[in-house]
Amino acid sequence: MSAPPATQIVGDLSGLPDSDSGPRHLVWWGNLGFMLIEGTGFALAIAAALFLWSRAPAWPPPGDAPPALLWSGLLTLGLFASGLPNGWVKRRALAKDAAGVRRGVLAMTVIGLALLAVRGFEIAALTPRWDKDAYGSAIWMLMLLHTSHILTDWGDTAVQAAWLYTHSIGDDQFADVEDNCNYWSFVIWAWVPLYAVVYWLPRLG
Amino acid sequence: MTERLAASWADPPGLKGFLFTVDHKRIAGRYIVTAMAMMALAGLLALDMRWQLSLPGMRRMGPQLFNESFALHGSTMLFLVSVPVMEAMALWLVPLMLGQRNMAFPRLSAFSYWLYLGGVLMLWVPHALGITPDLGWFEYPPLSGPGYSPGHRADIWAQMITFTEVAALAASVNVSVTILKLRPPGMTLPRMPLFLWAMLVASLMTIFALPAVMLATSMLIADRLVGTQFFAPAAGGDVLLFQHMFWFFGHPEVYIIFVPAVGFVSTIVETFCRRPVFGYPAMVLSILAIGTLAFGLWVHHMFAVGLPRLGNDFYTAASMTIALPAGLQIFCWIATIAGGRVRLALPMLWVLAFIVTFVIGGLTGVMTAAAPLDLQLTDTYFVVAHFHYVLVGGAIFPLLGAFTYWYPKATGRMLGERLGRLAFAAIVGGFNLGFFPMHILGLWGMPRRVYTYGPEMGWGPLNLLATFGSTVAVGGGLLFVANALWSLWRGLPAGANPWGAATLEWATASPPPAPSFAMVPVVDSLTPLWPGDAPLRVMTGLRDDRRELLVTSVVEALPLYRQKSPGPSAWPLVAALAVSVLFLGSIFTPWALIWGAVPVAVALTFWFWPHRPRARHGPLAARR
Ligand SMILES: [Cu+2]
């Protein structure tokens with residue numbers, strides 16, 4: 001039998017701050033972990049679509065038109081444009097500017113809603129149906145993945161806006177705003193390969 | 001330990017505390033007990049199948065019941081036992097080995113367990129109702145597709161996977177962030193115990209491997225429910241797509257189970273040889289190499305599907321490559337044992353059994369890695385023997401060793417030595433008696449997944465031997481459990497560090513109190529508790545009136561800030577229930593994805609809602 005070992009105090013941590021930002025913060029890494037999971041999911045879904053494409057004699061199959069470019073083009077432009085206010089909000093969060101993040105996160109909620117509306121039109125224009133052939137299944141899968149992505153981050157942003165306006169903001173919440181901005185950047189950049197595979201692969205001939 | 005600190009970390013009493021706890025030790029404990037119960041059920045299923053096969057022409061089971069039995073056995077062992085039990089060991093051990101009071105994301109630990117339990121119920125409740133998946137542990141389409149599998153057997157299997165994989169992914173993010181950001185001051189990456197390296201790599205592998213099977217089974221459900229054509233050749237789909245995605249997960253899965261075992265073995269070898277494991281840098285590199293190489297090898301499970309010739313050659317070579325880091329690890333352990341003062345206590349016996357069994361399993365693995373030989377042996381009992389040697393010998397034996405080793409820390413009592421040795425002999429002896437003959441049966445051509453065979457095949461005597469051996473092994477397993485229960489009550493008091501071990505979990509009382517450590521330990525070597533007579537260096541300054549953790553930097557483990565750590569909460573349980581409703585509903589209607597998402601969103605909002613004073617400025621500020 002043994003008791004826990006004797007201890008010798010060599011330092012004191014009470015002077016440390018109780019929050020931090022960027023990769024120094026614990027939650028930043030949790031956020032990264034979930035981005036890795038979702039990124040892997042996207043990469044595999046794209047790989048699955050490419051596998052079907054490599055096996056298909058024609059892509060799209062005869063009788064299917066390549067997906068329309070109008071709404072998807074608008075969405076792509078809108079997504080990239082939203083990167084600017086998103087970056088501004090992140091800088092306000094790092095500067096711990098309460099009024100700035102309140103207005104910024106609210107603005108991002110409105111922008112996200114507008115983008116979701118565009119995505120709605122884009123999906124309404126998506127042909128053929130998912131159950132017609134494997135080509136249709138593949139493009140619907142990719143669109144569904146990205147749409148659920150926009151939707152979850154929009155929900156998070158909206159709740160965050162409501163919270164920020166009604167509470168006094170602490171350092172951990174500035175870090176949360178920062179993480180949410182990082183996540184939105186991920187939503188934007190994840191769209192690039194998806195857009196290429198859904199809208200331009202069928203146009204390669 | 002101050003009373004204030006203990007009070008800050010205490011759970012509410014009774015049922016409320018049980019349901020809302022975020023204490024990693026309690027959560028890991030129930031994770032382990034659930035996984036062990038699943039292992040017992042899977043073992044009894046195996047025994048039932050062995051009974052059916054013990055003699056030619058037995059009538060204990062018909063073909064359908066046999067199909068259900070091996071599908072349930074395999075799915076339970078792979079999805080509900082092996083991966084979850086390794087995650088659970090990490091949930092329990094990682095914070096203790098770091099000298100920390102909890103995981104990085106305590107509520108995520110609770111959420112992970114409840115979802116895992118959802119997966120258990122998803123498979124076993126329908127089984128009790130007579131709806132059992134019957135297509136093996138990998139339900140390939142087209143057999144599992146809408147055309148050949150009406151009803152809900154395949155859906156239940158596919159959605160059980162979604163449950164368990166979300167649970168494992170949640171645990172993996174939690175474990176890897178805890179290891180990266182909550183190390184004690186001084187525990188730089190090069191001073192991190194091998195067990196933590198192993199769990200870090202296994203968690204990262206999980207993050208990259210598990211989305212593949214979730215995506216594959218989701219596509220399968222979509223084919224079955226809303227008529228997508230992913231795996232329907234007539235509409236441009238391809239059934240091989242499922243196999244590729246399944247094995248992109250399935251092969252790393254074997255190493256996700258094996259790599260934590262490397263951590264167990266290294267820890268036990270260090271303690272019972274009284275010296276650090278030989279070749280620490282080589283061990284770390286080989287763990288990293290296995291973690292990387294495991295992702296290049298999935299195609300060797302598909303040699304028989306007709307891939308291009310060069311593909312088979314490439315994957316043959318690649319599959320043999322992974323034997324190099326595994327061999328290097330065995331070499332390092334043997335070198336440690338050879339150069340140390342070995343104590344043959346129970347945990348060390350399990351390690352020796354592991355080394356012998358795993359080497360046999362590795363050798364047959366190199367044999368089946370060769371495409372020409374694999375074409376002859378695939379779908380025979382040779383493969384059954386091979387993967388049981390690898391999985392039982394390579395993962396379950398080290399796991400039982402780990403239970404034996406950390407049992408005194410978890411319970412405060414020693415595991416009975418004599419009963420333990422008896423159980424050890426029965427499990428290891430029975431296992432080899434049961435599974436070695438299957439190599440020969442496989443070489444003689446006995447196929448897997450047959451429910452019976454005729455007397456003229458000549459397979460009877462070896463099958464009887466296999467059944468006898470399996471029975472002895474299962475009996476040993478029951479002895480092991482009986483010993484654990486008996487010792488809980490009658491075991492000798494263990495004290496803080498009964499084995500004289502070197503890592504931080506042994507610096508606190510056994511069992512550890514709710515906050516685990518009164519102060520933050522400081523580390524300056526790989527073996528901070530050796531030599532045992534020097535006092536343990538610690539830091540003060542974490543608050544004792546609320547839950548706090550010390551966050552440090554990723555490489556150097558320099559103290560950065562004090563992180564507030566959440567207390568008991570209903571929301572992980574509520575969120576898991578909401579997610580369960582969504583998963584369950586989506587077997588029957590795609591609309592479940594829409595209406596099921598609402599309660600999930602509500603639960604997550606409450607989960608993450610920060611409790612802070614009301615705003616004093618702005619349009620929605622509190623009125624003064
Ligand atoms: Cu493999």
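Predicted model: local features only at pLDDT ≥ 70, side-chain atom pairs only at ≥ 80, totals over all residues.
Residues are numbered from 1 along each chain as its sequence is written, while chains are lettered from A and ligands numbered from 1 in the order in which they are written. Local features need pLDDT of at least 70, side-chain atom pairs count only at pLDDT 80 or more, totals for chains, interfaces and linings use all residues, and side-chain values use heavy atoms, with hydrogens and water left out.

Let's begin with helix H8 of chain B, residues 239-273. Helices here are DSSP runs of H or I with at least four residues, strands are E runs of at least two, and both are numbered from the N terminus. The expected span of a helix is 1.5 Å times one less than its number of residues. For the 35 residues of H8(B) that gives 51 Å, and the end C-alpha atoms are 51 Å apart, so the two agree. H8(B) also has a kink of about 30°, centred on Trp247(B); the bend at a residue is the angle between axes fitted to the seven residues ending there and the seven starting there.

How many of the residues of H8(B) are buried? The count is 34 of 35, where buried means under 20% relative accessible area, exposed over 50%, and partly exposed in between (1.4 Å probe, protein chains only). After H8(B) comes Arg274(B), with a positive phi near 55°.

Follow the chain on to Gly279(B), in the loop between H8 and helix H9 (280-293) of chain B. Gly279(B) is partly exposed because its relative accessible area is 24%. Its C-alpha lies 52 Å from that of Thr228(B), at a sequence separation of 51 residues.

Now look at Thr162(B) in helix H6 (residues 153-181) of chain B. With a relative accessible area of 7%, Thr162(B) is buried. Its side chain reaches the backbone oxygen of Ala158(B) at 3.2 Å. Leaving aside residues up to four places away in sequence, Thr162(B) touches Met214(B), Thr217(B) and Phe583(B), contact meaning heavy atoms within 4.5 Å.

The strands come next. An open sheet of three strands with mixed pairing runs in the order S1(A)-S2(B)-S1(B), and its edge strands, S1 (7-12) of chain A and S1 (520-521) of chain B, each pair on one side only. Two strands pair if DSSP finds at least two bridges between them. S1(B) and S2(B) are antiparallel over two bridges, with Pro521(B) opposite Val538(B).

Elsewhere in chain B, S3 (residues 548-552) is joined by five bridges to the antiparallel S4 (residues 559-564), and Leu550(B) has Arg562(B) as its bridge partner. Six residues separate the two strands of this hairpin, and Ala557(B) in the turn has a positive phi of about 55°. Both faces of S3(B) are covered, with Glu548(B), Leu550(B) and Thr552(B) on one side and Leu549(B) and Val551(B) on the other.

Finally, an unreviewed UniProt entry places "domain: Heme-copper oxidase subunit III family profile" at residues 29-203 of chain A. That span is 81% helix and 0% strand.

Methods: UniProt positions renumbered as here; feature names shortened; annotations may be inferred. Polar contact = N/O pair within 3.5 Å; in protein donor to acceptor, adjacent residues only side chain to side chain.
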